[in-house]
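Keep the structure open as you read, and take the points one at a time.

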Amino acid sequence: MMSTDWPKHDMSFLGGRRQRRLRRTGWMRNMVRETVLTPHDLIWPLFIIEGQNERTSIRTLPGVERLSVDLAVEAAKAAAAEGIPALALFPNTQDDRRNENGSEAFNPDNLTARALRAIKDAVPEIGLITDVALDEYSSDGQDGLVRDGEILNDETVAVMVKAALMQARAGADIIAPSDMMDGRVAAIRQALDAEGFDHVAIMAYSAKFASVFYGPFREAVGSGSRLKGDKRTYQLDYANSDEAMREVAQDIAEGADMVMVKPGMPYLDIVQRCHDAFDVPLFAYQVSGEYAMIKLAGAAGAIDGDGAMMESLVGFKRAGVDGVLTYFALEAARVLNA
Ligand code: PBG
């Protein structure tokens, strides 16, 4: 039978509700769209290296480069011009500056501090978020201090407080502890307030899961090859959702202004739970491995990479975030502004 001969079934049970009416035309879809993504929703992570006019590619992160401070300033200008509200800075610390105490983390002249000062000076209209954890500075690749194979909690918090203060003095607007030690948010808040940095906000990596999706980031900051073992004694078990909620609740109680779920795409259920349960601004990090999957699948012709970029970012907003940390930020903002 030809398709044109198919009988028209009785659809009267639908009543007036033919759902497809709302999808018939572009203008109608525009009119009824529930979720809108704007450049203001996008936070751009930048990797910083030593040197002048230096850019190095990252094998596992196609399209992302580590930038020397002067080029990071240029990137900041481009981001601000597209309406990106803030950058998240991550240093690739030279080998000879790393030690097991992670003391480079609070060196007032470290890469992060120099990038903060240079960008603040040249592009004061963009917000600067700094990561507080030791893996970008220590010789172990762990986020905390290591003794006899154990990750020390309170000793690590003490170092992180020093790092956070140094970052605030260098011009950080938002301190983002990503280490998952207990009590870090309260300790950092107290120290910031005591030094007159009550205007500096805290974005806590609250529900941060032990994830293989961080692989390319570890190449980018140079911690991956150092890391022995894993981070499962402090980052969350990816089988757990209630425990993630307790972490977020505790960080808010300790004084976090904003909280984050990380990674993003496999954890949108956690995002939605947080959105429903808490009333502080909520962010998610579309991490390096998620970006790499989309980029590499796009390059292989398996999916439309640009389409996947936008679909994934809108998905975050639909789940309830106020913003996304994403390596796509500049690219996506340009598409949105076009
Ligand atoms: C660590 C930190 C990590 C990321 C952000 N901060 C890596 C880790 O916990 O191992 C990952 C971000 C990404 O994968 O894009 N302090």
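1. D148 is not a glycine, yet its phi is positive, at about 50 degrees. With a relative accessible area of 76%, D148 is exposed (buried means under 20%, exposed over 50%, partly exposed in between, with a 1.4 Å probe and protein chains only).

2. A word on the basis of these notes: this is a predicted model, where local features need pLDDT of at least 70 and side-chain atom pairs count only at pLDDT 80 or more, while totals for chains, interfaces and linings use all residues. Residues are numbered from 1 along each chain as its sequence is written, and side-chain values use heavy atoms, leaving out hydrogens and water.

3. M180 is another residue other than glycine with a positive phi, near 65 degrees. Look for M180 in the loop between β8 (174–177) and α5 (184–194). Is M180 buried or exposed? M180 is buried, at 4% relative accessible area.

4. Please look at the peptide bond from K262 to P263, which is cis, with omega near -10 degrees. P263 belongs to the loop between β10 (258–262) and α8 (268–277).

5. E290 itself is in helix α9 (residues 288–299). E290 is buried but has no salt bridge (a side-chain nitrogen of Lys or Arg within 4 Å of a carboxyl oxygen of Asp or Glu). K262 is the nearest side chain of opposite charge, 9.0 Å away (Lys and Arg count as positive, Asp and Glu as negative; His and the chain ends are not counted).

6. S223 lies in the loop between α6 (215–221) and α7 (242–254). Its relative accessible area is 0%, so S223 is buried. Beyond its neighbours within four places in sequence, S223 is in contact with R98, D135, G141 and R218.

7. Which residues touch the most other members of the largest nonpolar core? They are F47, L87, I119 and M203, in a core of 110 residues (buried Ala, Val, Leu, Ile, Met, Phe, Trp, Tyr and Cys joined through side-chain atoms within 4.5 Å). Helix α4 (residues 154–170) supplies the largest share of this core, 10 residues.

How values were computed: Helices (H or I, at least four residues) and strands (E, at least two) are DSSP runs, numbered from the N terminus. Contact means heavy atoms within 4.5 Å.
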